[in-house]
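Please have the sequence and the structure open while I talk.

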Amino acid sequence: MIAERDPSFPFITISPQCPEDSFWNAEQDGLMALVDEIIANYNVDPDRLYLTGLSMGGYGTWHLAAEYPGRFAAIAPICGGGNPNRINELIGTPTWAFHGAKDDVVPIAESKKMVDVLRANDGNVSFTIYPEMNHNSWTETYDNPELYTWFLGHSLTLRK
């Protein structure tokens, strides 16, 4: 949506949809093959790969970042959750999580447990809670230019 509104949007955006009756953890090999294909065929800086997703894609964001630590310069999971036992793989990844406080589809506790465990382990994490928002916290998140400035402030080269 933003790329359509702003032709100067400085990102290549890939928005895959999870197949029906599947979950992102079952699709991770295909996702990474897609990322690798885009890197091979387009002008992509591999040190500036950013990962974000909403709802089930928020879960996928946490999962994929843990499965491929050091591959993404920063992640922004939205109204999702993950396995806090995998937090060690995420500690070095700048993370900005988002969730609506009144979410009745994915409880805010799902994001909060990940953020709390990251914070307890000195992870680089921010957490934005929209106090009056239900499940659709992605519209406000993706409409916020600060997210894209924040993404661009991170690269794997800067972390080394």
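This is a predicted model: local features need pLDDT of at least 70, side-chain atom pairs count only at pLDDT 80 or more; totals for chains, interfaces and linings use all residues.

Let me start with Cys79, whose sulfur lies 15 Å from the closest cysteine sulfur, that of Cys18, which is too far for a bond; a disulfide here is a pair of cysteine sulfur atoms within 2.5 Å. A search of the whole structure accordingly returns 0 disulfides. Cys79 has a relative accessibility of 0% and counts as buried, and Cys18, with a relative accessible area of 17%, is buried as well; the term buried stands for under 20% relative accessible area, exposed for over 50%, and partly exposed for what is in between, with a 1.4 Å probe and protein chains only.

Residues are numbered from 1 along each chain as its sequence is written, and side-chain values use heavy atoms, with hydrogens and water left out.

Staying with Cys79 for a moment, one of its contacts is Ser137, a residue of the loop between strand 4 and helix 5 (138-142); helices (H or I, at least four residues) and strands (E, at least two) are DSSP runs, numbered from the N terminus. Ser137 is buried at 0% relative accessibility, and, neighbours within four places in sequence set aside, its contacts, meaning heavy atoms within 4.5 Å, also include Ile78, Phe98, His99, Gly100 and Tyr130.

Now to the sheet, which is open and made of 4 strands in the order 1-2-3-4, with parallel pairing; two strands pair if DSSP finds at least two bridges between them. Strand 1 and strand 4 (125-130) are the edge strands, each pairing on one side only, and the twist from one strand to the next averages 10°. Between strand 2 (residues 74-78) and strand 3 (residues 95-100) there are 2 bridges in the parallel sense, and Ile78 has Phe98 in strand 3 as its bridge partner.

Helix 6 packs on this sheet, where it touches strand 1, strand 2 and strand 3, and its direction makes about 150° with that of strand 2; axes are lines fitted to C-alpha atoms, for helices over the stretch in contact, and angles run from 0 to 180 degrees between N-to-C directions. Helix 3 (residues 56-67) also lies across strand 1, strand 2 and strand 3, at about 150° to strand 1. Its buried residues include Gly57, Trp62 and Leu64, and among the elements that cover the buried residues of helix 3 are helix 2 and helix 4 (108-120).

Which residues do the ring pairs link into a cluster? They are Phe9, Phe11, Tyr50, Trp96, Phe98, Tyr130, Tyr148, Trp150 and Phe151. Rings of Phe, Tyr and Trp (its six-membered ring) pair if their centres lie within 6.5 Å, and planes under 30 degrees apart count as stacked, over 60 as edge-to-face and the rest as tilted; by this rule there are 10 aromatic pairs.
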